[in-house]
Amino acid sequence: MGGLEKNLVCLQTLGLDEPWTLDSYLQIDGYKAWKRVLAGDFSQAEIIDIVKSSGLRGRGGAGFPTGVKWSFMPRESEVQKYVVCNSDESEPGTCHDRDILRYNPHAIIEGMAIGGFAMGATVGYNYIRGEFMAEPVPRFEAAVAEAYAAGLLGKNIQGSGIDFDLYTFVGAGAYICGEETGLLESLEGKPGRPRFKPPFPAGFGLYGKPTTINNTQSFASVPTIINKGPDWFSQLGPENSGGTLIFSVSGHVNEPGNHELPLGIPFRELIELCGGIRNGNRLKAVIPGGCSVPVMPAAAIEDVNLDYDSLRDAGSALGTGAMIIMDETTCMVSALTRIARFYFAESCGQCTPCREGTGWLYRTLVRIQEGRGTREDIDMLVDVANKIEGHTICAFGDAAAWPVQSFVKHFLHEFEYMVEHGGESIVNERAAAA
Amino acid sequence: MSIEAGSLSAHVREEIDRWKARFPEGRQRSAVIAALHAVQHEQGHLSPDAMDAVAKYLELPSIQVFEVAAFYSMFETKPVGRHSVSVCTNISCMLCGGDEILEHVKTKLGVEPGQSTADGKYFLKEEFECLAACTGAPMMMVDHVYYENLTPERVDEILAELD
């Protein structure tokens, strides 16, 4: 593997002067792949085959193979089709799409244009979360304007007969709009309540037309895959985990940060890159893929490589690659309570198990923290989580359930200690004894 | 600046037109979120009259505008202080002292989350969910601008710099 060489794909422009400009992007072979598409070097099927064989998987959290998703679109059909980029980055712990938008926006534009060509879509929207209004949105919009001015977007681009118009859309604050059908509802100007699937967006998406939604990082990976070849990309990581991922490392490390690295790097090396655990403390737990994936005790992750299969086999998931690091001073009941509040606040409310269940989870955890909890409350947490999981329209319900199930499973003693000690955390007891 | 009930400023109408042009004919509902951002930017919050005016301008039933204003967390449907302060307390920020930053802001401004200061200068938003700047925790957003790696002293400077 390529060792610890950084920024090979999505953050290649980092280090250049004003990395977000077209000039900077051209220095790293920007729009070379798109120009080859415009020159007729590839058929639609060839592009899809390249993306398939690169092993690129959706970077938004679910990890579905991007090329396979693209193949679901009825690309020969005459109807209007759309590509949509999901820049509604809001999975707690995750903050790398923001950096792509700020530092390499042209890679997203080129990836969307190539995807649009491959799927027969002539219009694209990039849905950016509303809170990114001050910096990432203007950066992206300026890049789109540059691309139009350079004759890289529009109708009959450079006489190729290929059309692709690209627009920015700005959201207004709702985690659920990161769910792809919730995002489509929002793009249609409605509250972002996820739709039943099927029908899937490739058949019935934006305005009822065939639509494919991919994550920001997925699109931004495409130009480099074409330039350097699918084999180069797939061989960066282990089997089933082609390419690089931007790991967002937050929490209790000495130097939190985003690091674009080949998939499959050992967890220990990533922590070393971040200066180790803060204050020389011991690692207690890690949530390895944004707060929706199961938490892992230190012993379960310390010797694991960071790729899709390794983390699945170790009992969690790669998710968005957001590593939330917790040292020995962390009270796991407090951490879970905060996470539970997030799901309670962000549930869209259309499915009863999620709407009611997330409130139950949060209130039960608050009761335990306030010293009014019982042993039965701990059992009830798991029971309620189990009744949400799998019983909702979208994956939000599962995402609300998994942290509860995994925190209680791995750190039951902390919950029991708090119930038995009137709301006192085991962490405080240990600190007092030290 | 305030506008009269039932009307939208020329600037807001231009903004709405600019956004409407991004969507297919007959899909002007897609411009509702942008329209509400434009109105709120100008008026500070979304009054029922302003929302009715947006609905009328976009030729939509008022409920389709009201339900969007109610669903998304960035929209204020009641008057609030001029500067909106959102302190993130989600997991990554919590691990790095986000709760202490929120306590500091509360004490400094003398308000609870969801309240504005009496002079109408500051509005402390309800405890905010993840703003996707986790590697810069603890962080807060003031009038859409992100401030990362906060300390109480840095918070004081940021708040003092606002007019």
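Where is the place of Asn7(A) in chain A? I found Asn7(A) in the segment before helix H1 (22-27) of chain A. I took helices (H or I, at least four residues) and strands (E, at least two) as DSSP runs, numbered from the N terminus. I also looked up the backbone there: phi of Asn7(A) is near 55°, a positive value in a residue other than glycine.

A note to myself on the ground rules. This is a predicted model, in which local features need pLDDT of at least 70 and side-chain atom pairs count only at pLDDT 80 or more, while totals for chains, interfaces and linings use all residues. Residues are numbered from 1 along each chain as its sequence is written, chains are lettered from A and ligands numbered from 1 in the order in which they are written, and side-chain values use heavy atoms, with hydrogens and water left out.

**Cis peptide bonds**

I looked up one in chain A, where Lys197(A) and Pro198(A) are joined by a cis peptide bond with omega about -5°. Pro198(A) sits in the loop between helix H8 (180-187) and strand E4 (211-215) of chain A. In chain B, a cis peptide bond links Ala137(B) to Pro138(B), with omega about -5°. I located Pro138(B) in the loop between strand E2 (122-124) and strand E3 (140-142) of chain B.

**A helix pair in chain A**

Next I checked helix H16 (residues 375-388) against helix H18 (residues 412-420), both of chain A; they pack at an angle of about 140° with axes 9 Å apart. Here axes are lines fitted to C-alpha atoms, for helices over the stretch in contact, and angles run from 0 to 180 degrees between N-to-C directions. Arg375(A), Ile378(A) and Leu381(A) of H16(A) meet Leu412(A), Phe415(A), Glu416(A) and Val419(A) of H18(A), contact meaning heavy atoms within 4.5 Å.

**Chain B on its own**

I get seven helices and four strands for chain B. Starting at the N terminus, their order is α-α-α-α-β-α-α-β-β-β-α. The C-alpha trace of chain B spans about 50 × 35 × 25 Å along its principal axes.

**Where chain B meets chain A**

I see 39 residues of chain B in contact with 60 residues of chain A. The two chains bury about 3900 Å² between them, 60% of it on carbon and sulfur atoms; buried area is the accessible area (1.4 Å probe) that two parts lose on being put together, summed over both. Phe71(B), Leu95(B) and Thr135(B) give 17% of the area that chain B buries against chain A, more than any other three residues.

How many salt bridges does the rule find across the interface of chain B and chain A? It finds four, each a side-chain nitrogen of Lys or Arg within 4 Å of a carboxyl oxygen of Asp or Glu. I looked at the one between Arg338(A) and Glu129(B), whose closest N and O atoms are 3.1 Å apart. Helix H2 (32-43), helix H4 (62-71), helix H5 (91-95) and strand E4 (145-147) of chain B each supply at least two residues of the side that touches chain A.
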